[in-house]
Amino acid sequence: MDAGKGYTLPHLPYGYKALAPYISENQLTLHHQKHHQAYVTGANAILEKLDKARKDNADLDMKALLKELSFHLGGYRLHNLFWENLAPAGVGGGGIPKGELSEEIDAEFGTFERFKKEFTLTASGVEGSGWAVLTYCMNTRRLMMMQIEKHNVNIIPGFRILMVLDLWEHAYYLDYMNDRAKFIEAFWHLVNWDEVQARFVTHSKK
Ligand code: MN
């Protein structure tokens, strides 16, 4: 494949040790270099299949291919968003939202505590592997939770993604074993509210 015609694993915006103790160096390294990389590789393999079939004028199982593409690309892009909406605890990560986002959270949910409760319930209730997502609905101009199964099921078209939390066990099993609730608690220490706020401002001004 030509360079620039496929997907590449992005660098993390911080070091592998930076999110400890909430996400350990081992856990973060494995998650980024093995799991995230697998979706990059998976998506690029599909692009190669498409290229090859076009060159050979061969038939394709479009249904299977596009389903697989949706899974790998969903995984690829959600992880990009995830790394960017995290920051080291106390150095950009944790605390409470500020500015327009904070006002919008209060207007929509009443209080930050209520928002936190609903997001936590969204996260703990993801069936199997998936993601908890805070979104912005462009029609109603309201904040809304979204619960993505796997990387690509339950996505609502047009909703803009503001904040994501990876609830696949591969995100936390080294640090928390099967204790998803503990990982969700840890997440609040790492939320990069400046990034979530920037995404909110970008979308709410459109
Ligand atoms: Mn993951």
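This is a predicted model: local features need pLDDT of at least 70, side-chain atom pairs count only at pLDDT 80 or more; totals for chains, interfaces and linings use all residues.

Before I start on the sheet, a reminder to myself: two strands count as paired if DSSP finds at least two bridges between them. By that rule S1 and strand S3 (residues 160–166) pair, in the antiparallel sense, over six bridges.

**Entry: the strands**

I looked at the other partner of S1 next. Strand S2 (residues 142–149) pairs with S1 in the antiparallel sense over eight bridges. S1 and S2 make a hairpin with four residues between them. In that turn I found Arg141 with a positive phi of about 55°.

Which residues are the bridge partners of Leu134? In S2 the partner is Met145, and in S3 the partner is Met163. I also looked up Ala132, which stands opposite Leu165 in S3.

Then burial. Eight of the eight residues of S1 (residues 130–137) are buried, so S1 is largely enclosed by the rest of the structure. For S3 I get five of the seven residues buried, so S3 too is largely enclosed by the rest of the structure.

**Entry: domains and core**

The domain assignment gives me domain 1 (25–84) and domain 2 (99–204). I took the centres over C-alpha atoms and got 23 Å between the two domains. On contacts, 16 residues of domain 1 touch 21 residues of domain 2.

I followed up on Leu165. Leaving aside neighbours within four places in sequence, Leu165 is in contact with Phe82, Phe119, Ala123, Gly130, Trp131, Ala132, Phe183, Ile184 and Phe187.

**Entry: the manganese site**

Which residues coordinate the manganese ion? I find His31 (NE2), His79 (NE2), Asp166 (OD) and His170 (NE2), at 1.9 to 2.1 Å. Along the sequence I write the donor spacing as H-x47-H-x86-D-x3-H. I checked both histidines for burial: His79 is buried, and so is His170.

**Entry: aromatics**

I searched the whole structure and got 19 aromatic pairs. One of them is Phe119 with Trp188, edge-to-face, at 5.6 Å centre to centre and 75° between the planes. Phe119 is in helix H4 (residues 112–124), while Trp188 is in the loop between helix H6 (180–187) and helix H7 (193–204), 69 residues apart. Both Phe119 and Trp188 are buried.

I also looked at Tyr136 with Phe200. This pair is edge-to-face as well, at 5.5 Å centre to centre with 90° between the planes. Tyr136 lies in strand S1 and Phe200 in helix H7, so the pair ties together parts that are 64 residues apart in sequence. Tyr136 is buried, and so is Phe200.

Phe119 and Trp188 turn up again in an aromatic cluster, together with Phe109, Phe112, Phe115, Phe187 and Trp193.

**Entry: two single residues**

His203 sits in helix H7. Is His203 buried or exposed? The relative accessible area is 13%, so I put His203 down as buried, the cut-off being under 20%. Apart from neighbours within four places in sequence, His203 is in contact with Tyr136, Met138, Arg141, Arg160, Ile161 and Leu162. Two of those names I already had: Arg141 from the hairpin turn and Tyr136 from the pair with Phe200.

Leu174 is in helix H5. At 46% relative accessibility I have to call Leu174 partly exposed. With neighbours within four places left out, Leu174 is in contact with Asn26, Gln27 and Leu30.

Technical notes
Residues are numbered from 1 along each chain as its sequence is written. Side-chain values use heavy atoms; hydrogens and water are left out. Contact means heavy atoms within 4.5 Å. Buried means under 20% relative accessible area, exposed over 50%, partly exposed in between (1.4 Å probe, protein chains only). Helices (H or I, at least four residues) and strands (E, at least two) are DSSP runs, numbered from the N terminus. Donors are N, O and S atoms within 2.8 Å of the metal (3.2 Å for Na, K and Ca); water is not among the atoms, so sites may look incomplete. Rings of Phe, Tyr and Trp (its six-membered ring) pair if their centres lie within 6.5 Å; planes under 30 degrees apart count as stacked, over 60 as edge-to-face and the rest as tilted. Domain bounds come from an automatic or database domain assignment.
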